[in-house]
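This briefing is meant to be read alongside the sequence and the coordinates.

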Amino acid sequence: MSLRKLYSPRDLLTGLLIYGCGDLIAALLTGQFRVSRMLGMSAVGALVYGLEIPHYFRWVARYTAGTPSWRGIALRTLLAMLYFNPLWVARHLAFIALVSGNIEQISLNILSIALHSFLTAIPITVIANLTI
């Protein structure tokens, strides 16, 4: 399969902007801004998330097509939460540590932080996914 079929310029740009800008805002709010983090998370957003996320959510759209409205909404919300699970959060935190030069922060402890973050965010993510 060619790269052109895997990555569309729109997916790359969307990943770069959403994850690059989102992480930039988070880093500025927490006083953790670093140029390496900004550039690194922008690259991760474009090259990793820009590939996986659009493909996954296109599959979700196909899988749930024709499902009655409230059932389809609930199913899409559940599938979105299954994708952005604690392991995804842990990987994201590992990417942040890696591009920030804080490799020592990558340990098994990151899994408990990710689980806590995931569970804490459930009310917000359910509302956001139901809205989307």
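The buried residues of α5 are Trp88, Val89, Ala90, His92, Ala94, Phe95, Ile96, Ala97 and Val99. The model is a predicted one, and every value below is computed from it.

*Length and ends of α5*

- Helix α5 runs over residues 86-99, and its 14 residues should span 20 Å at 1.5 Å a residue, which agrees with the 20 Å that separates its end C-alpha atoms.
- At the N-terminal end, α5 is capped by Asn85, which places a side-chain oxygen 2.7 Å from the backbone nitrogen of Leu87.
- After α5 comes Gly101, a residue whose phi is positive, near 80°.

*Aromatic pairs*

- A pair of aromatic rings is described by how far apart the centres lie and by the angle of the planes.
- Searching the whole structure gives 13 aromatic pairs.
- One of them joins Phe57 and Tyr83, with 6.0 Å from centre to centre and 70° between the planes, and this pair is edge-to-face.
- The Phe57–Tyr83 pair links distant parts of the chain, as Phe57 belongs to helix α3 (residues 35-64) and Tyr83 to helix α4 (residues 69-83), with the two residues 26 residues apart.
- Tyr83 also pairs with Phe84: the ring centres are 4.7 Å apart and the planes stand at 90°, so this pair too is edge-to-face, given that angles over 60 degrees count as such.
- Tyr83 has a relative accessibility of 13% and therefore counts as buried, the cut-off being under 20%.
- Phe57, at 28% relative accessibility, counts as partly exposed, and Phe84 is likewise partly exposed, with a relative accessible area of 25%.
- Ring pairs connect Tyr19, Tyr49, Tyr56, Phe57, Trp59, Tyr63, Tyr83, Phe84, Trp88 and Phe95 into a cluster, and of these Trp88 and Phe95 are among the buried residues of α5.

*Asp11 in helix α2*

- Asp11 is located in helix α2, which covers residues 9-30.
- With a relative accessibility of 9%, Asp11 counts as buried, because that value falls under the 20% cut-off.
- When residues up to four places away in sequence are not counted, Asp11 touches Gly50, Pro54 and Arg58.

Technical notes
Residues are numbered from 1 along each chain as its sequence is written. Side-chain values use heavy atoms; hydrogens and water are left out. Rings of Phe, Tyr and Trp (its six-membered ring) pair if their centres lie within 6.5 Å; planes under 30 degrees apart count as stacked, over 60 as edge-to-face and the rest as tilted. Helices (H or I, at least four residues) and strands (E, at least two) are DSSP runs, numbered from the N terminus. Buried means under 20% relative accessible area, exposed over 50%, partly exposed in between (1.4 Å probe, protein chains only). Contact means heavy atoms within 4.5 Å. The expected span of a helix is 1.5 Å times one less than its number of residues. A polar contact is a pair of N or O atoms within 3.5 Å; within protein, one must be able to donate a hydrogen and the other to accept it, and residues adjacent in sequence count only if both atoms are side-chain atoms.
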